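Here is a short report on one protein chain. Keep the sequence and the 3D view open while you read.

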Amino acid sequence: MPGVKKTPMRMCLGCGEMMPKRSMIRVVKSPEGEISLDLTGKKAGRGAYICRSCECFEKARKARKFEKAFSCRIEDEIYDKMEGELSENEQ
């Protein structure tokens, strides 16, 4: 049917479930190499997605999924900062 927009789906790095992109949180690696949460979904750079739960963030962190997605080492301070932001924004 013409005019029907498809909902973009993304896979959560924590649980592996496919979900609508808008219901997830984007983690982004900027062109400068900085890794942060992208709560707006508009930051420039490579993105990876997780559910809006600290549980999925922890799973992805333990399995080093973010490091694999961005092909770089991520310091604990960055993880801790992102986890703090995530718990503030958890629904």
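In this chain, residues 24 or more positions apart account for 45% of the contacts with a separation of 6 or more. Contact here means heavy atoms within 4.5 Å. The model is predicted: local features need pLDDT of at least 70, side-chain atom pairs count only at pLDDT 80 or more, and totals for chains, interfaces and linings use all residues. Residues are numbered from 1 along each chain as its sequence is written, and side-chain values use heavy atoms, with hydrogens and water left out.

**Overall build**

The chain holds three helices and five strands. Read from the N terminus, the order is β-β-β-β-β-α-α-α. Helices (H or I, at least four residues) and strands (E, at least two) are DSSP runs, numbered from the N terminus. The radius of gyration is 13 Å, close to the 12 Å that the globule rule gives for 91 residues, so the chain is as compact as a globular protein of that length. That radius is taken over C-alpha atoms, and the globule rule is 2.2 Å times the number of residues to the power 0.38. Along its principal axes the C-alpha trace spans about 50 × 30 × 25 Å. Of the 91 residues, 33% are buried. Buried means under 20% relative accessible area, exposed over 50%, and partly exposed in between (1.4 Å probe, protein chains only).

**The sheet**

Three strands form an open, antiparallel sheet in the order β4-β3-β5. Its edge strands are β4 and β5, each pairing on one side only. Neighbouring strands of this sheet are turned by 30° against each other on average, direction ignored. Strands count as paired if DSSP finds at least two bridges between them.

Look at strand β3 (residues 25-29). Four of its five residues are buried. Five bridges tie β3 to strand β5 (residues 46-50), in the antiparallel sense. Four bridges join β3 to strand β4 (residues 35-38), also antiparallel. Val 28 has a bridge partner on each side: Gly 47 in β5 and Ser 36 in β4. The hairpin of β3 and β4 has five residues between the strands, and Gly 33 takes a positive phi near 95° there.

Helix α3 lies across β3, β4 and β5, running at about 10° to β4. Axes are lines fitted to C-alpha atoms, for helices over the stretch in contact, and angles run from 0 to 180 degrees between N-to-C directions.

Which residues does Ser 36 touch, not counting residues up to four places away in sequence? They are Arg 26, Val 27, Val 28, Lys 43 and Met 82. Ser 36 lies in strand β4. Its relative accessible area is 10%, so Ser 36 is buried. The side chains of Ser 36 and Lys 43 are joined by a polar contact of 3.2 Å. A polar contact is a pair of N or O atoms within 3.5 Å; within protein, one must be able to donate a hydrogen and the other to accept it, and residues adjacent in sequence count only if both atoms are side-chain atoms.

Glu 67 sits in helix α2. At 11% relative accessibility, Glu 67 also counts as buried. Its side chain makes a polar contact of 3.0 Å with the side chain of Arg 64. Leaving aside neighbours within four places in sequence, Glu 67 is in contact with Cys 72, Arg 73, Ile 74 and Tyr 79.

**The aromatic cluster**

Rings of Phe, Tyr and Trp (its six-membered ring) pair if their centres lie within 6.5 Å; planes under 30 degrees apart count as stacked, over 60 as edge-to-face and the rest as tilted. By this rule the count comes to three aromatic pairs. Two of them are listed here.

| Ring pair | Centre distance | Plane angle | Class |
|---|---|---|---|
| Phe 57 and Phe 66 | 5.5 Å | 40° | tilted |
| Phe 66 and Tyr 79 | 6.2 Å | 50° | tilted |

Together, ring pairs link Phe 57, Phe 66 and Tyr 79 into a cluster.

Tyr 79 counts as buried at 2% relative accessibility.
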